[in-house]
Amino acid sequence: MTRTRTTARPFGRTLCAMITPFTEDGALDLDGARKLAARLVAEGCDGLVLSGTTGESPTTSDAEKAQLIAAVREAVGERVPLVAGVGTADTRHTVELARAAETAGADGVLVVTPYYSRPPQEAVEAHFREVADASGLPLMLYDIPGRTGTRIEPETMIRLAAHPRIVAVKDCSYDFLGTQKVLAHTDLAYYAGCDEHVLALYAVGAAGCVSTVANAVPGRIAAILDAFDTGDTARATELQLRATPLIEAMMGAGLPGTVTAKALLARLGLPGGPVRAPLLPAGREPADELLARYETLMAA
């Protein structure tokens with residue numbers, strides 16, 4: 001039996017939180033970005049998120065962010081939507097980045113909760129509304145309190161859902177009950193931002209995922225959702241569990257996903273390059289473990 005899903009997918013279903021490739025001397029590698037983006041789309045991603053956490057947005061310049069959008073657009077054309085991370089701790093700067101992303105050719109913007117200053121919910125809501133009003137692009141809220149120190153509370157999400165350009169959420173809240181509450185009361189398109197939650201969130205009505213692990217195995221992440229969509233929930237569960245060892249190595253081993261993704265891509269001979277400080281590269285032992293788990297998954 002094929003399941004009929006009524007959830008809107010404003011940015012696709014299987015999105016990759018794409019790393020930002022750098023050259024060995026640390027410069028932006030636009031050729032590498034084009035090659036990686038084309039591979040991700042060819043192997044199962046129907047949307048790309050640029051300059052998010054995995055894309056090292058805190059250490060790329062405004063000009064580099066715009067150049068990255070233009071280069072990836074050149075590589076993939078209009079086949080898939082591009083969502084540009086524009087969130088900062090400064091509302092004015094975030095507005096500027098949202099407008100620049102629109103000019104550069106993005107289809108939507110990813111906006112994280114303002115960090116460090118820890119604004120109350122009234123200020124969080126005002127921040128997102130101001131950014132949403134600043135351009136014509138649809139907006140994906142990014143709820144990741146483990147990094148920002150501030151939640152987007154479910155009640156705040158429900159109010160923000162009334163804004164015509166606030167259409168989606170990248171959910172890294174680790175609050176499954178709160179997520180279900182928002183799903184039950186709004187039409188926001190939820191995307192699992194934690195790879196271990198891809199199937200679980202999809203099963204309760206999410207639109208898809210924004211996956212870091214997809215940098216290495218885009219087809220394996222897409223296959224989980226494919227199986228669920230055909231009604232083969234047992235197969236979907238099997239595929240999620242098969243991917244769990246690699247997900248754990250990439251996302252749960254104490255290193256940032258950017259670091260592990262670039263380490264694995266390097267072992268696979270794919271574009272990535274070094275990380276920018278203050279991040280440090282993975283050592284040999286973690287990289288060996290990543291490759292071993294990748295090879296086990298691909299052999300299954």
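**Salt bridges and barrel packing in the predicted model**

Arg34 pairs with Glu74 in a salt bridge, with 3.2 Å between the closest N and O atoms. Since Arg34 sits in helix 1 and Glu74 in helix 2, this contact ties together parts that are 40 residues apart in sequence. Glu74 is exposed, at 58% relative accessible area, while Arg34 comes out as partly exposed, at 24%. All of this is read from a predicted model.

Asp31 is partly exposed, with a relative accessibility of 49%. In general terms, side chains of opposite charge can pair when their charged atoms come close.

Turning to the fold, eight strands close into a barrel, running in the order 1-2-3-4-5-6-7-8 with parallel pairing. Neighbouring strands are turned against each other by 25° on average, direction ignored. Strand 1 (residues 14–17) and strand 2 (residues 47–50) are joined in the parallel sense by three bridges, and Ala17 has Val49 in strand 2 as its bridge partner. Helix 2 (residues 62–76), the one that carries Glu74, packs on the sheet and touches strand 2 and strand 3 (82–85). The direction of helix 2 makes about 170° with that of strand 3. Helix 4 (residues 121–134) packs on the sheet too, touching strand 4 (108–112), strand 5 (139–143) and strand 6, and its direction makes about 160° with that of strand 4.

Asp133 forms a salt bridge with Arg165, the closest N and O atoms lying 3.9 Å apart. The pair connects distant parts of the chain, with Asp133 in helix 4 and Arg165 in the loop between helix 6 and strand 6, 32 residues away. Asp133 is exposed, with a relative accessible area of 52%, and Arg165 is partly exposed, at 25%.

That loop, between helix 6 (154–160) and strand 6 (166–171), holds His163 as well. His163 is buried, at a relative accessible area of 8%. Leaving aside residues up to four places away in sequence, His163 touches Arg129, Ala132 and Asp133.

Across the whole structure there are 22 salt bridges. Some of the charged residues form a network: Arg9, Arg13, Asp226 and Asp229 are linked by salt bridges.

Definitions and conventions
Residues are numbered from 1 along each chain as its sequence is written. This is a predicted model: local features need pLDDT of at least 70, side-chain atom pairs count only at pLDDT 80 or more; totals for chains, interfaces and linings use all residues. Side-chain values use heavy atoms; hydrogens and water are left out. Helices (H or I, at least four residues) and strands (E, at least two) are DSSP runs, numbered from the N terminus. Buried means under 20% relative accessible area, exposed over 50%, partly exposed in between (1.4 Å probe, protein chains only). Contact means heavy atoms within 4.5 Å. Two strands pair if DSSP finds at least two bridges between them. Axes are lines fitted to C-alpha atoms, for helices over the stretch in contact, and angles run from 0 to 180 degrees between N-to-C directions. A salt bridge is a side-chain nitrogen of Lys or Arg within 4 Å of a carboxyl oxygen of Asp or Glu.
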